[in-house]
Amino acid sequence: MKTPDVTAALADKKLQLAIHTATGRMAERRREIVAQGVMPDYQDIRQHAHNLKKHTLENLDYYLEQLERNVEARGGKVIWAKDAAEACAFVQKLARDKGVKVIVKSKSMTTEEIGLNEHLENDGVETVETDLGEYILQLAGEKPFHIIAPALHKTKEDVSDIFERHLHSQPESTPEGLTMIARKALREKFLEAGLGITGANFLIADSGAVVVVENEGNARLSCSAPKIHVAIGGIEKLIPRAQDLGVFLRLLARSATGQALSVYTSFLAGAKRPGEPDGPEEFYLVLVDNGRTKLLADESKRQSLYCIRCGACLNHCPVYRKIGGYNYPWVYSGPIGKILTPQFKGLHDDPWVPFASSLCGACGEVCPVKIEIPRILLELRADVKKDEGASVERFGFQVWAWLMRHPKLFGRLGSMGTSTMNMLPAVGPLKNWLSQRDLPESPKQSFRDWWKKR
Amino acid sequence: MTSRDEILTAIRAAVKRQPGAPIPEPPPVLLREGAHETLLEQFVAAFEALAGHAVVVTTAAEANAAVKTIVNGRTFAASSKMGGGEFSRDACATVDVGITSADYALADTGSLVLLTESAESRLLSLLPPCHIAVIGRSKIVPSLDDVFRTRALPGETSSAVTIVTGPSRTGDIEMRLVRGVHGPGEVHVVIIDEM
């Protein structure tokens, strides 16, 4: 099984410190704000959110049709996209038809997933990421490192260099100064953009509404300043009622950054109405499948779709916290990425993904909607093994099982092993196995020998 | 078959449902009951913990004076509800201070809730570096759940419901908190006791 080379990430002391500090701080703040004394009903709310997601996905066709009716009743349009190509093609055509030259975009994992920016840039439309972290990465030509803190691996010196190179700004040594450089550059884009794109943290069936949660105000600007607002969301983002929103909002920001609420929560029900002074004149909602219906069919792993993208599982994962966000094969990293990637992309290209876990269980414990990530990881491992057929590893375990049933032989081999283990050749079938593992130095005598002589 | 039909068909096959089949009862709506005794104190404490500035006055006339003190000679635009003139996008983009009303204040999180049905602009509370909201004390409710209790479907009358919890902020550079990244970095609320 070919695994990514993580030695560079592990050896990079600056990177290790950045990941450790950022994820550690987010985890710490989460811990404080969901503590028993601060939020006594936290566990009940988690369970309730889980139940709501379960119910919605089990009746997803019903709620999607309800959502569509309600969006259209207010003059909005719903676009159903089977895959990334359809979603991108719609936005591209809309931009062309409306003569849009500049698009402002707020952070959205779904648009990362469908590769929207690359698509639009190829068509000559300037598409600007406006979340500060995403903006930095777009200028640098990089992908998000973390769902919530996309540029956590960049130092202020890195950012100053990137701004100097692309915005021709003067060197700047403080995060405050750098932030203001970005504010000024992006403000111009907001005011000239013909179209704004946001993601969707939640889609509300009974209201025909999109809910977008953020701290900076760039999503509010993206959906308020341009004439056209396009919201793009996965079909799994549905919740039944506006009255259910409180439950999810109480979990999302607490789990992500340890805030009681993010700074801005925008509940958007279509274009501007008569009597409202501003807001978009047109509203489009793109519902993206892109593999979700396939995942929905697998009842035991269906809950992978409950994810509200808070990033808590990344912050608590001993593997993510060492290897970072760039050593996973797809846009979703960390534990949630480890269960989404194999289910969206299949098991063949990167069968190692569900194995890159210590199964410590932290991800499942902190998940605000109680996705059983460790259990799903185990199921995916079993799927990979089923796929591989008879392997050397399986043969090895069969031999071991046979030995365990023959204790005398096992004992004799045990004492032999102490002298031969250090000579195990790293060639042949063992080469692959040993390439990912270090053998401990073998003791001078076996446990059984030691026990007898004791 | 259209993409819509393909997706819906795939979903129905996945969850084993027939088109138009009734759905089971969803989990009940869960709305919290909050205490109403110390709403003002709670709200002010939560709002100030987020680096907001709160002033409590008795009458509308006093509110005007309080707003003037905060503006302190800077350029400003007020919404029509706050005695300003016609809406101007250019004004929103150029003034130092935007002055608007707010429809609710949330005691538990120190948030302001802005409904577009109140004919308030979206951009006036967003583009200027400083936002002042004027609100009656009676509009303070225990939590967001109280907004949804009285308004089960807020989208029927407003294209946007915005919940604002403190100044615009980011931590994207080295996790350092910086205020005022895209929205206002300075936020004030003037609470009128009589209203």
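**A chat about chains A and B**

Visitor: What share of the 454 residues in chain A is buried?
Guide: Keep in mind that this is a predicted model. Burial here asks for 20 or more other C-beta atoms within 10 Å of a residue's own. Of the 454 residues in chain A, the share that counts as buried is 49%.

Visitor: How far apart do the C-alpha centres of domain 1 and domain 2 of chain A lie?
Guide: Chain A splits into domain 1, covering 9–292, and domain 2, covering 407–448. The whole chain's C-alpha atoms fill a box of roughly 90 × 55 × 50 Å along the principal axes. Between the C-alpha centres of the two domains, the distance is 52 Å.

Visitor: Which element of chain B gives the most to the side that touches chain A?
Guide: The contact draws 76 residues from chain A and 57 residues from chain B. On the chain B side, α1 (3–15), α4 (89–94), α5 (144–150), β8 (160–164) and β9 (169–170) each put in at least two residues. With 11 residues, the top contributor is α1(B).

Visitor: How many residues on the side of chain B that touches chain A are nonpolar?
Guide: That side also holds 15 polar and 11 charged residues. The nonpolar ones come to 31.

Visitor: Which residue in β8(B) is the bridge partner of S266(A)?
Guide: Strand β9 of chain A spans residues 264–268, and it pairs with β8(B) in the antiparallel sense, over five bridges. S266(A) has its bridge partner in β8(B), namely T162(B).

Definitions and conventions
Residues are numbered from 1 along each chain as its sequence is written. Chains are lettered from A and ligands numbered from 1 in the order in which they are written. This is a predicted model: local features need pLDDT of at least 70, side-chain atom pairs count only at pLDDT 80 or more; totals for chains, interfaces and linings use all residues. Two residues are in contact if their C-beta atoms, placed from the backbone, lie within 7 Å. Helices (H or I, at least four residues) and strands (E, at least two) are DSSP runs, numbered from the N terminus. Ala, Val, Leu, Ile, Met, Phe, Trp, Tyr, Cys and Pro count as nonpolar, Asp, Glu, Lys and Arg as charged, and the others, Gly among them, as polar. Two strands pair if DSSP finds at least two bridges between them. Domain bounds come from an automatic or database domain assignment. A residue is buried if 20 or more other C-beta atoms lie within 10 Å of its own, exposed if 12 or fewer, and partly exposed in between; C-beta atoms are placed from the backbone.
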